[in-house]
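Reader: I would like to learn how to read pockets and ring contacts in a model. Could we work through one case?

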Amino acid sequence: MKVILIGYGRMGKMIEELLAARGDVEILGAVSPGLYESPWDVPGKPDALIDFSYPGNLETTLARAEDAASAVILGTTGLTAEQVERVRAAAKRVPVVFDANFSLGVAVLRKALAQVGPLLLKCGFDAEIVETHHNRKADAPSGTAKALLRAIDPAGDYAPVYGREGFVGARGKEIGVHAVRGGTVAGEHTVAFFGDSEEIKLTHRADSRRIFAAGALRAAKALAAREPGFYTLEEILFTQKEN
């Protein structure tokens with residue numbers, strides 16, 4: 001498999017480090033200031049583009065993938081609604097994995113929450129989501145927190161409340177989503193359900209960004225055998241390919 005990396009920050013370098021230990025994947029080049037300015041500048045035909053950079057790179061990433069009929073592993077967060085629609089349009093031509101979190105553990109957590117979350121809400125439990133990240137993270141709340149919210153309340157029946165301040169009174173039909181920033185935390189997400197004299201908490205903590213890089217590589221290998229489509233990491237990992 002031949003890969004183009006979009007972005008050469010901490011995640012890009014970690015992906016490169018993991019690939020160096022493998023003999024079945026070749027990095028054609030990395031797009032970053034001082035390296036290649038655009039994926040169009042990278043020589044060779046890629047089998048996959050892995051993009052963990054920033055929203056401004058999205059269009060060139062998708063256009064290069066469409067031109068080369070290559071897969072896209074997209075972990076960039078903070079996309080606008082219009083950009084997400086652009087991703088969906090590209091997915092009609094090439095296979096795309098678009099996810100806010102490429103951790104295997106988070107994929108399992110979301111799958112579990114999709115089962116237990118609606119049941120607990122139906123039983124009258126209150127739900128709150130708290131996410132913690134390093135002090136350099138640009139967007140809040142995290143894309144993972146939003147994904148966990150969708151897993152709990154797929155129909156959007158509950159109003160998301162992003163933090164609380166002042167005299168808020170009794171809670172209504174809502175789910176609180178709270179962002180904490182500090183230090184070098186790779187990522188921690190806790191979903192808490194509060195019932196009458198009981199509570200349930202599910203927490204995922206990332207001790208290293210290495211897990212996201214490993215998940216991205218796993219997704220790239222799995223995506224190579226897929227037809228064009230818009231996939232999440234859960235679908236790639238837990239759904240059998242149809243013959």
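Reader: What volume does the largest pocket have?

Author: The general idea is that rolling a probe the size of a water molecule over the atoms shows where empty space is left. In this predicted model, the largest pocket has a volume of about 1,000 Å³. Its lining comprises 43 residues, and the closest to the centre are Met 11, Phe 52, Ser 53, Gly 75 and Thr 77.

Reader: Which elements give two or more residues to the lining of the largest pocket?

Author: They are β1 (2–6), α1 (10–20), α5 (143–152) and β9 (187–194). The element that gives the most is α1, with four residues.

Reader: How do the residues of that lining divide into nonpolar, polar and charged?

Author: For the largest pocket there are 17 nonpolar, 19 polar and seven charged residues.

Reader: How much space lies in the second largest pocket?

Author: About 620 Å³. Its lining has 23 residues, and those nearest the centre are Phe 98, Ala 100, Gly 143, Ala 147 and Arg 150. Two or more residues come from each of α3 (81–90), α4 (104–122) and α5. Here α5 gives the most, with five residues; α5 is also among the elements listed for the largest pocket. By class, the lining of the second largest pocket has nine nonpolar, six polar and eight charged residues.

Reader: Now the rings. How many aromatic pairs does a search of the whole structure find?

Author: Two. One of them joins Phe 98 and Phe 230, with 6.0 Å centre to centre and 65° between the planes. Planes over 60 degrees apart count as edge-to-face, so this pair is edge-to-face.

Reader: Is Phe 98 buried or exposed?

Author: A residue counts as buried under 20% relative accessible area. Phe 98 has 18%, so it is buried. Phe 230 has a relative accessible area of 24% and is therefore partly exposed.

Reader: Which charged end sits over the ring of Phe 230?

Author: That of Arg 88, at 4.1 Å from the ring centre. Phe 230 thus has an aromatic partner in Phe 98 and a charged end over its ring. A further case is Lys 173, which lies over the face of Tyr 158 at 5.2 Å from the ring centre.

Key. Residues numbered from 1 in each chain as written. Predicted model: local features only at pLDDT ≥ 70, side-chain atom pairs only at ≥ 80, totals over all residues. Heavy atoms only, no water. 1 Å grid on protein atoms, 1.4 Å probe; cavity = no way out; pocket = protein on both sides within 12 Å on 5 of 7 lines; lining within 4 Å. Points joined across faces, edges and corners; volume = space filled by probe spheres on them. Nonpolar A, V, L, I, M, F, W, Y, C, P; charged D, E, K, R; others polar. Phe/Tyr/Trp six-rings, centres within 6.5 Å; stacked < 30°, edge-to-face > 60°. Buried < 20%, exposed > 50% of the residue type's maximum accessible area, 1.4 Å probe, protein only. Lys NZ or Arg CZ within 6 Å of the ring centre and 35° of its normal.
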